[in-house]
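Walk through this model with the viewer open.

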Amino acid sequence: MTVTVAIMGRPNVGKSTLFNRLVGRKIALVDDQPGVTRDRREGEARLGDLRFRLFDTAGLDDIKGDSLEARMSAQAETAVDDSDVVLFVIDARAGVTPTDREFAMRVRRRGKPVILVANKSEGRGHESNLLDAFGLGFGDPLPISAEHGEGLDHLYDALLPYTEEKAGEGEGDDRGDGPLRLAIIGQPNAGKSTLVNTILGEDRMLTGPEAGITRDAISSEFEWRGQKIKLWDTAGIRRKSRVVGKIEKLAVSDALRAIRFAECVVVLIDASLPIERQDLALCDLVAGEGRAVVLALSKWDLVEEKQKKLKDVMSDLEDVLPEIRGVPVVTLSSKQERGIDKLLETVLVAMERWSSRISTSQVNRWLEAAIARNPPPAPSGRRIKIRYATQASARPPTFAIFGNQLSKLPESYIRYLMNGLRESFDLKGVPIRFSLRGGKNPFDKDK
């Protein structure tokens with residue numbers, strides 16, 4: 001079983017920089033200001049031939065009560081409880097602070113093995129600052145520089161006794177048999193993190209009345225009715241003109257990256273508020289990336305005129321997003337734990353449609369009937385000729401259409417063919433791609 005390691009320490013000692021260094025990718029948001037990390041992030045880390053599961057945390061805080069900072073600290077303590085060993089990080093340039101001592105005492109109470117890491121040890125002059133580090137009770141501090149990758153050989157030696165799996169073992173997994181990749185996106189305070197917690201059955205994500213709590217795109221894996229799913233919770237995405245500050249821009253960029261990694265995306269809308277243009281723009285964004293789309297209306301328990309609300313949403317979808325006509329809509333209440341199974345069932349159906357493959361003979365029988373009902377136009381008196389079509393790929397369904405003057409096909413006719421495919425082969429709500437190509441039909445022996 002893979003060993004789990006948690007990175008712990010006060011804010012702004014370089015925990016997320018160390019996390020990015022060990023997982024080999026810049027996936028945790030990093031900035032000079034403290035408190036950027038909020039939820040605990042997980043990643044598969046490698047150090048030499050060592051392989052382990054790594055938690056990045058918001059760090060501990062001495063604030064009590066139900067404030068956001070207190071909830072962040074509680075998440076960090078949960079990460080310690082779930083880990084096999086803790087990397088306690090201090091700032092070598094600042095030396096040991098009273099806050100470090102307080103947090104060290106709290107970590108010792110958890111009873112976990114601790115490795116003391118003195119980050120930002122590049123250059124000279126920090127040695128004297130580390131004399132007090134021995135008083136923390138965690139042994140010799142390991143001087144490293146996460147930003148420059150220095151001193152990681154010492155960290156390797158310290159972690160070696162705790163790790164059980166080598167990086168070369170267990171490789172060769174079939175990526176096609178991996179978990180379904182599902183992302184949840186939406187505007188700030190739509191209820192994304194609450195939905196994730198309800199799906200997972202635990203307080204995995206920080207939640208609260210404050211908008212914009214989630215910053216990193218945080219992934220979690222679970223299994224539902226035999227289907228393994230990797231689930232991403234993301235930061236709220238506001239209109240571009242409303243995005244302010246470096247941290248929010250980084251958070252939105254992380255959310256957009258999660259969309260590109262995902263196979264299916266749930267666009268979550270707060271049903272207790274009027275539907276905004278941005279909500280539909282997010283659906284369009286997902287379709288533009290070629291991902292399967294499911295629209296979920298959260299906080300349904302707060303909606304009074306439910307049928308009217310649902311009718312208005314469906315009407316808006318038909319008017320604004322005709323290219324993904326038939327996108328499935330699910331109503332749910334995370335607070336009351338209603339609609340969760342229906343949402344996941346809809347996600348699996350959307351994935352089946354997104355992965356659909358249709359034989360060339362079926363496509364061409366449909367195409368012949370579609371052209372007979374509504375022939376292509378004849379610009380400048382010369383009729384456009386569509387010879388045949390075939391499905392070039394799936395995920396999303398992509399069709400190659402062969403013929404003459406296809407570049408002159410009007411958008412309205414392409415939309416006609418797209419909607420026909422969607423209705424005839426049950427591709428509702430799935431983005432469809434067309435590749436228009438010239439040339440003869442290779443299956444036509446008479447030409």
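The largest nonpolar core holds 28 residues. Such a core is a set of buried Ala, Val, Leu, Ile, Met, Phe, Trp, Tyr and Cys residues joined through side-chain atoms within 4.5 Å. Buried means under 20% relative accessible area, exposed means over 50%, and partly exposed lies in between (1.4 Å probe, protein chains only). I185, V265, V267, V286, L295 and L317 have the most contacts inside this core. At least two of its residues come from each of β8 (180–186), α6 (246–261), β11 (264–270), α7 (277–288), β12 (292–298) and α8 (306–320). The largest share, 5 residues, is supplied by α7. Helices (H or I, at least four residues) and strands (E, at least two) are DSSP runs, numbered from the N terminus.

This is a predicted model: local features need pLDDT of at least 70, side-chain atom pairs count only at pLDDT 80 or more, and totals for chains, interfaces and linings use all residues. Residues are numbered from 1 along each chain as its sequence is written, and side-chain values use heavy atoms, with hydrogens and water left out.

Take I185. Not counting residues up to four places away in sequence, I185 touches K192, T234, I259, V265, V266, V267, L268, L282 and V286. Contact here means heavy atoms within 4.5 Å. A second, separate core has 27 residues, among them L182, C264, L343 and V430.

Next, a hairpin. Strands β9 (residues 218–224) and β10 (residues 227–233) pair in the antiparallel sense over 7 bridges. Two strands pair if DSSP finds at least two bridges between them. I218 has D233 of β10 as its bridge partner. The hairpin has 2 residues between its strands, and R225 in the turn has a positive phi of about 50°. β9 is mostly covered, with 5 of its 7 residues buried.

Now the open sheet. Its 3 strands run in the order β14-β15-β16, with mixed pairing. β14 (385–393) and β16 (433–437) are the edge strands, each pairing on one side only. From one strand to the next, the twist averages 25°. β15 (residues 398–404) pairs with β16 in the parallel sense over 5 bridges. F402 has R437 of β16 as its bridge partner.

Two helices lie across this sheet. α10 (residues 360–373) lies across β14 and β15, at about 145° to β14. α11 (residues 411–424) lies across β14, β15 and β16, at about 125° to β16. Axes are lines fitted to C-alpha atoms, for helices over the stretch in contact, and angles run from 0 to 180 degrees between N-to-C directions.

Which residues of α10 are buried? They are V363, W366, L367, A370 and I371. Seen down the axis of α10, these buried residues fall within an arc of 130°, so they line one face of the helix. The arc is that of the directions from the helix axis to the C-beta atoms. The buried residues of α10 pack against β14, β15 and α11. On the other side of α10, R365, E368, A372 and R373 are exposed.

Finish in the loops. L332 sits between β13 (329–331) and α9 (340–354). L332 counts as buried because its relative accessibility is 2%. L332 and L297 are 35 residues apart in sequence, yet 6.1 Å apart in space, C-alpha to C-alpha. S121 lies in the loop between β5 (114–119) and β6 (142–143). S121 also counts as buried, because its relative accessibility is 8%.
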